[in-house]
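Good morning, and thank you for making time for this presentation. Please look at the sequence and the structure as they come up.

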Amino acid sequence: MNTKELRADLVMLPLKINEIFISNFSFEVHPSQDEITNVDLKNLQFSSSINILDDKEKKIQVSVRLQTSNEEKDIYEFSISCVGIYTWQGDTFEDKDIQNIYAWCVSIQISTLRQRIAQEAANSPYHISWYMPLALVKISGDIT
């Protein structure tokens, strides 16, 4: 086996997490299905938004929502929303900073949602945690 020496360093962001909470959650299990199939990722719906609460204090709110489609019946159906309040402690608060902050906050909150869904799946009749695959956040659009 050919191995390479790689190094990972943690870079702490100047981002204070004031609070993160699940604002809405529903989870249904369908154990009577003939064939056990996990959630089809093509039917997973995602949305997010950012609100700048205070320009001077650099305080923002990010909301993230994941839900399965109502069209297809998977073994799990869920809808989960998460809200985070953050304070940016960096020197600048320009559009590029806000885009980066938004991407980081969505990533943080997706991790929160992934853990909650895995916990509920482990407590289902199947007793196996289902983890939503890792995803990268891409921010597009203009700041208004």
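I begin with a definition: two strands are said to pair if DSSP finds at least two bridges between them. Strands themselves are DSSP runs (E, at least two residues), helices are runs of H or I with at least four residues, and both are numbered from the N terminus. The model before you is predicted, so local features need pLDDT of at least 70, side-chain atom pairs count only at pLDDT 80 or more, and totals for chains, interfaces and linings use all residues. Residues are numbered from 1 along each chain as its sequence is written, and side-chain values use heavy atoms, with hydrogens and water left out.

Let us turn to strand β4, residues 76–88. Strand β1, residues 15–29, runs antiparallel to β4, and 13 bridges join the two. Strand β3, residues 59–68, also pairs with β4 in the antiparallel sense, over 9 bridges. Ser79 of β4 illustrates both pairings: Ser26 stands opposite Ser79, and Gln67 has Ser79 as its bridge partner.

How many residues of β4 are buried? Buried means under 20% relative accessible area, exposed means over 50%, and partly exposed lies in between (1.4 Å probe, protein chains only). By that rule, 13 of the 13 residues of β4 are buried. In a regular strand the side chains alternate between the two faces of the sheet. In β4 both faces are covered: one side includes Tyr76, Phe78 and Trp88, the other includes Glu77, Ser79 and Thr87, and these residues are buried.

I now come to the aromatic rings. Rings of Phe, Tyr and Trp (its six-membered ring) pair if their centres lie within 6.5 Å; planes under 30 degrees apart count as stacked, over 60 as edge-to-face, and the rest as tilted. The count by this rule is 5 aromatic pairs. One of them is the stacked pair of Phe25 and Phe27, 6.2 Å centre to centre with 20° between the planes. Phe25 is partly exposed at 23% relative accessible area, whereas Phe27 is buried at 18%.

Trp88 and Trp104 are also stacked, because their ring centres are 6.0 Å apart and their planes stand at 25°. This pair links distant parts of the chain, Trp88 in strand β4 and Trp104 in helix α1 (residues 95–122), 16 residues apart. Trp88 is buried at 10%, while Trp104 is partly exposed at 31%.

Finally, ring pairs link Phe25, Phe27, Tyr76, Phe78 and Trp130 into a cluster.
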